[in-house]
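Let's take a friendly walk through this two-part report. Have the sequence and the 3D view ready.

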Amino acid sequence: MQPHIIIALTLFMLLVTSFVVVFIFIHRHQYNKHLIEKEEIKNAYQQEILKAQLEMKEQTLHTIAQEIHDNIGQVLSLAKLNLNTILLEENFPATQKVTNTKELIGKAIQDLRNLSKSLNTDHIIHKKLSESLKFELDMIQKTGMYMTNLKVEGTEEPLDPQKQLIIFRIVQEALQNIIKHAKAQYISIGLNYLPGSFIMSIKDDGTGFDLASYHNSDVSEKGTGIGNMYHRAKLMGADISIKSQIGKGTLTRISLPTK
Amino acid sequence: MSLSILSYLDIVPPILLLLVELISPRVTFRSDYILLFVITEALLNSSAMLLYRLFRIPNLFIYNVNIIVSFLILSAFFWCILHFSRKKLFFTVATVFFVIFIIFNSLKLENFITDFNSNTYGLASFILVTYCFIYYLDKLKHPTKSITNSRDFWYVTGLLTYYASCFFIFISYNSLTNSNNRHITSLWPIHNILFLIMCVYFYKGMLCNRTS
């Protein structure tokens, strides 16, 4: 073979190997594109599923709230009215008992009204977030077992109603967890309205928990509380972080872009 | 001037690569077959150059040693990165066949000391290029998310470019030297340029390793 033929063959082989490398690159590029598209479709599908689930839950809560307000509340009001119409003589032995019963029914009506407000979607959407949360914290403080605090920083601007509802439900879930498991004495919620983002923190001084062992535990052992919080945050495109140490309480932080 | 630069291209790039490797403390002591390959190339190519330039001693046997050592190191490299059924059998057969062929070639076809062993180079290149294609096939079948961040991909690409492109230079070099063809001096610089391209790919692979 002549050297010029060998040079030509060498260049040809270089061309072939370059072609192979380019082919691999193109294939990789297309495969990555395909993976991204697949991931996007999967995310969109999950978002839809989550949205549907939450809508169903909200609808159920709405129905329960209406039922409490329109039915049970009405029945109790009627019962209180009936008790008010009973004419009792002074020093009659049952007078004190009837008065006590009227007070108890009054308290039950008030508690049910509060519960109804807490469950009612419309009520939450039409109020400011800080007002809804203050209402929740006040209810908890009334039990006499907790000290609560709500701190608002920045100018409170109305959030998207759906997002506001989701944030409120996340707070409810966090408060439920604190009441059920944390053995806390102090609960504080912070709302921070920044330009372009909204940050909320829920803090307690309870027993805390080992987050690593929570993540490693079985699905059946986990419960749905924290999982629901993560799902809800994901649905509105917010970042959620939970920091907890045994004996040092728990801090839940949600960061939501607003622009 | 340009030709004299080209004649150093099989020595300077591997030495530069080694310097780059030595600067980074993280990769200095790692067990990396490509690093071993680069060291081998730097040592043997420099030795061949020194022997010829300083003492005028024929250096072809160093190149023959080079391809044997390189083949064994690169076989070990591919053994680590390739995963397919009957891998053990495939590698054993290829290596044993290669060793038998070297002995046969040295005894019957090309002298190990005085001739450039084109047949050995050709066979080694063929087997290594086959390994490279098996690697690509594996990547096509089982794709990883970012192949460009994989140092092995760049190493294999460098090896494929070098051994596939130099294949015809290798298999014809002995017969051309024996025939005293006056154009043969133009071939080795081309080989050196391809060697440089391989080193550039290696450098890219080393950067991937450092950043990943």
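How many residues does the contact take from chain B and from chain A? Chain B gives 27 residues and chain A gives 20, where contact means heavy atoms within 4.5 Å.

Please keep in mind that this is a predicted model, in which local features need pLDDT of at least 70, side-chain atom pairs count only at pLDDT 80 or more, and totals for chains, interfaces and linings use all residues. Residues are numbered from 1 along each chain as its sequence is written, chains are lettered from A and ligands numbered from 1 in the order in which they are written, and side-chain values use heavy atoms, with hydrogens and water left out.

**The interface**

| Property of the chain B and chain A interface | Value |
|---|---|
| Buried area | about 2,100 Å² |
| Share on carbon and sulfur atoms | 82% |
| Salt bridges | 0 |
| Residue pairs in polar contact (both at pLDDT 80 or more) | 1 |

Buried area is the accessible area (1.4 Å probe) that two parts lose on being put together, summed over both. A salt bridge needs a side-chain nitrogen of Lys or Arg within 4 Å of a carboxyl oxygen of Asp or Glu. A polar contact is a pair of N or O atoms within 3.5 Å; within protein, one must be able to donate a hydrogen and the other to accept it, and residues adjacent in sequence count only if both atoms are side-chain atoms.

**A helix in chain A**

Helix H4 of chain A covers residues 129-142; helices are DSSP runs (H or I, at least four residues) numbered from the N terminus. Its buried residues (under 20% relative accessible area, 1.4 Å probe, protein chains only) include A:Leu133, A:Phe135 and A:Ile140. Just after H4(A), A:Gly144 takes a positive phi of about 85 degrees.

Key:
Helix = DSSP H or I, 4+ residues; strand = E, 2+ residues; numbered from the N terminus. Expected span 1.5 Å × (residues − 1). Buried < 20%, exposed > 50% of the residue type's maximum accessible area, 1.4 Å probe, protein only.
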